[in-house]
Amino acid sequence: MEVLSQDNQMLHDSARRYLADHQPVAAFRKLQAETTDLAYDLSAFEQMSELGWMGLILPEKYGGSAFGYRAAGLIAQQLGRNLTALPFTSTAIMAATIMAAAGDAMLAQWGEQIATGKCVMALAHDETTKHQLNPLDASVLAATAIATEQGYRLSGKKQFIIDGYKADRLIITATLDGELALFCVATATDNLQIDKQILMDNRNCATAKFNNLILPKTDLIVQGEMAQNILSKALSAGRAIVAAEQVGIAKEVAARTLDYLNTRKQFGVVIGSFQALQHRAADLYCQIELTASLVATALNALDNEADEAEKLSRAAKAKADRLGKYATEESVQMHGGIGMTNELDLGLFMKRNRVLSEFLGDYACHANWLLADRNI
Amino acid sequence: MDLNFSDEEEAFRAEVQSFIKQKLPAELAAKLKLGGAPSKAELEQWHSLLNERGWLVHHWPQEYGGAGWSPVQAFIFDLECRLAYAPAIVPFGVSMLAPVLIKYGSDAQKKHWLPRIVDGSDWWCQGYSEPGAGSDLAAVKTSAIRQGDHYIVNGQKTWTTLAHFANMIFCLVRTATEGKRQQGISFLLMDMKAPGVEIKPIITIEGGHEVNEVFFTDVKVPVENLVGEENNGWTYAKYLLTYERTNIAGVGSSIAALLALKQAAKQRKINGRPLSDDPYFAARIARVEIDLENMKTTNLRVLADVAAGAAPGAESSLLKIKGTEIRQQLTSLMRRAMGAHAIPYFPEADGIGFNGPNVGPQNALHAAEEYFNFRKLSIFGGSNEIQKNIVAKMMLGL
């Protein structure tokens with residue numbers, strides 16, 4: 001239903017074809033069964049980097065295509081539809097957003113690395129198991145950095161670092177002189193312990209512990225108010241992209257359900273001929289389209305660097321949380337018993353959706369933020 | 001939640017509590033509290049303890065061993081068992097087959113099968129659904145053809161809960177293909193150990209194994225295992241289903257889940273404050289509590305009608321629809337309360353004694369599992385859509 005620019009339409013169509021051919025849900029099941037240390041397919045990651053997906057929001061000068069967030073959202077939707085495991089949100093969106101906002105020096109160092117898939121980066125920010133209502137508030141961070149003559153000494157713990165296991169770099173948040181600071185830390189470093197955190201979606205989530213981790217001066221990306229602005233933008237971008245992935249999940253389970261309604265026979269007719277189920281499917285369609293338009297609006301706001309980007313991305317994330325839950329539950333219900341089986345893929349979508357709902361704040365987190373923001 | 005029991009009822013409640021305190025193995029309750037599943041041996045042990053006290057088949061007529069309880073007493077018993085995290089009584093023999101045998105079975109069948117249910121000699125499972133007969137149960141195809149003193153059964157059942165524990169299965173089979181579909185169905189009792197019976201597990205989305213496919217290839221069933229009349233099984237099947245649905249409301253389980261939810265919401269800190277202080281979350285708890293209070297009185301009302309002689313009719317559909325919605329709401333809120341604690345996945349953490357990395361309260365590991373597993377509640381026992389059809393037809397005449 002979305003009307004896209006010609007470039008975006010082409011990007012969308014090629015992503016759809018590529019993923020259907022090379023990375024369908026069966027590929028994810030295979031990864032899951034292999035229980036490899038790396039929870040994504042390295043050669044597929046290289047191919048997707050070649051297709052330009054890792055550089056969508058980076059300037060052309062630094063190896064990107066500058067297609068923007070709206071375009072990236074189309075990729076995220078397709079990744080959601082195929083349950084493709086790829087360090088996309090962590091690296092191509094959040095890390096790239098941070099580097100792009102941090103200025104030319106950072107872009108020169110990391111832009112091409114990210115765009116070509118040579119460097120996987122994950123944001124290590126959350127310390128509590130629930131995403132903070134005001135994640136930019138340095139006073140709630142326990143991780144601290146102390147300036148030394150050679151650079152910095154970093155201590156703290158992080159968890160729910162999406163794509164953090166086997167990443168090349170972690171972008172670690174900590175307080176420095178009482179202010180928020182962002183560090184780009186090589187993972188192959190003494191005193192940095194990264195453990196895999198197995199979530200129900202079988203991706204590369206990690207915890208990190210670091211005690212007196214010695215960092216060179218060049219690892220500091222940004223500090224102070226600018227760090228807050230940059231982190232805010234990265235979180236907004238991450239939220240909107242996750243919301244787009246959840247829209248993709250909802251579209252996929254709805255499409256599969258529609259197929260089932262058109263083939264499953266009971267009482268001598270296809271069950272899709274029952275008005276009660278038609279109405280449920282119609283409601284689902286309405287919610288998907290409503291959410292898709294809110295997500296697109298949030299992504300456009302990010303592309304336009306609009307003031308309301310944070311608010312819209314939080315609203316989109318909240319709405320997508322609701323949609324993902326509703327769509328996966330409805331799809332199981334309309335499939336009946338067969339929807340409950342591990343053999344069918346619906347449970348896999350449900351689990352991926354659950355993790356995405358928690359990541360970067362769930363419905364309640366954003367509803368409470370919007371509640372506090374209501375007097376503007 | 002105010003339960004408003006009379007003095008006599010409170011005395012009975014104390015009696016049940018004292019029994020559970022003395023008899024329920026503490027390790028078992030601890031395991032179930034953390035969301036673990038009871039083993040077959042643990043279920044049999046609990047059945048046996050209840051039977052010693054005369055409480056296993058409390059709802060049967062007294063002449064068959066029932067306890068002669070009022071509906072409120074039965075409710076109190078169930079509630080206290082749920083609050084103490086005792087295993088639920090496995091319903092297939094005790095609560096599903098037995099009422100059918102008592103009403104429609106021959107004297108010989110009652111004499112043979114009922115004592116075996118009571119003493120645990122038989123573990124029953126339910127052979128109703130088939131791949132092509134789910135909501136449309138009357139479409140069952142599994143055939144039973146009479147040959148002398150036996151029926152020869154061929155076909156497949158599915159979603160058979162705990163078939164892998166069972167030695168007996170009660171089945172809806174097709175004995176006639178002419179006329180109305182409902183009129184060619186018979187109700188057969190079959191031995192799971194008989195040659196030609198094969199079980200295949202079905203793994204569900206949360207990774208558990210509760211349900212199975214059961215295949216029959218030329219299975220010989222003695223004709224004395226036919227319940228009631230040939231081709232009249234649909235009547236017995238429906239009678240059984242109304243009992244299944246009354247039990248499905250799960251008010252006792254929901255009350256226990258509500259208490260656990262409130263406790264979790266108080267303990268859980270979000271941005272430094274208990275989650276129960278979050279007006280948004282508190283309002284959702286309040287809403288489900290009101291629905292549950294309402295469900296409790298409605299369930300008691302229906303049970304009182306049953307006690308007064310009415311078979312539970314389409315009202316049991318109401319209990320099933322609304323009762324399962326409440327249970328799903330509660331697991332959904334529990335999972336929300338656990339937040340990111342509820343998304344780590346440790347298959348090896350089932351049950352107690354797990355010493356691996358833990359990111360949250362122990363029951364958090366099961367909050368998500370239960371949320372996924374409980375999707376089944378609105379599907380099994382006749383999907384909630386089918387229940388609405390029944391209400392529309394039977395209660396509203398539409």
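This is a predicted model: local features need pLDDT of at least 70, side-chain atom pairs count only at pLDDT 80 or more; totals for chains, interfaces and linings use all residues.
## Helix pairs and a chain-to-chain contact

In chain B, helices H5(B) and H6(B) make a left-handed crossing.

H5(B) covers residues 91-104 and H6(B) covers residues 107-118; their axes come within 10 Å and cross at roughly 165°. Any angle over 145 degrees counts as roughly antiparallel, and H5(B) and H6(B) are therefore roughly antiparallel to each other. On the H5(B) side, the contact is made by Gly93(B), Val94(B), Leu97(B), Ala98(B), Leu101(B) and Ile102(B). H6(B) brings Gln109(B), Lys110(B), Trp113(B), Leu114(B) and Ile117(B).

Now turn to chain A, where helix H1 (residues 6-22) packs with helix H4 (residues 69-82) at an angle of about 20°, their axes being 10 Å apart. That makes H1(A) roughly parallel to H4(A). The crossing of H1(A) and H4(A) is right-handed. From H1(A), the residues taking part are Asn8(A), Leu11(A), His12(A), Ala15(A), Arg16(A), Leu19(A) and Ala20(A). They meet Arg70(A), Ala71(A), Leu74(A), Ile75(A), Gln78(A), Leu79(A) and Asn82(A) of H4(A). The contact of H1(A) with H4(A) divides into eight nonpolar, four polar and two charged residues.

How do the two chains meet? Chain B and chain A bury about 3,600 Å² between them, and carbon and sulfur atoms give 58% of that area. Each side is well represented in the count: 40 residues come from chain B and 40 residues from chain A.

Charged pairs are the next thing to look for. Side chains of opposite charge can pair when their charged atoms come close. Over all chains the count comes to 29 salt bridges, and between chain B and chain A the count is three. Here are two examples to find in the structure.

| Salt bridge | N to O distance |
|---|---|
| Glu385(B) with Arg280(A) | 2.1 Å |
| Glu329(A) with Lys325(A) | 3.1 Å |

Glu385(B) and Arg280(A) form a salt bridge that links chain B with chain A. Where do Glu329(A) and Lys325(A) lie? Both are in helix H9 (residues 309-335) of chain A, four residues apart, which is about one turn of the helix.

Methods:
Residues are numbered from 1 along each chain as its sequence is written. Chains are lettered from A and ligands numbered from 1 in the order in which they are written. Side-chain values use heavy atoms; hydrogens and water are left out. Axes are lines fitted to C-alpha atoms, for helices over the stretch in contact, and angles run from 0 to 180 degrees between N-to-C directions. Helices (H or I, at least four residues) and strands (E, at least two) are DSSP runs, numbered from the N terminus. Angles under 35 degrees count as roughly parallel, over 145 as roughly antiparallel, 65 to 115 as roughly perpendicular and the rest as oblique. A crossing is left-handed if the near helix is turned anticlockwise from the far one by less than a right angle, and right-handed if clockwise. Contact means heavy atoms within 4.5 Å. Buried area is the accessible area (1.4 Å probe) that two parts lose on being put together, summed over both. A salt bridge is a side-chain nitrogen of Lys or Arg within 4 Å of a carboxyl oxygen of Asp or Glu. Ala, Val, Leu, Ile, Met, Phe, Trp, Tyr, Cys and Pro count as nonpolar, Asp, Glu, Lys and Arg as charged, and the others, Gly among them, as polar.
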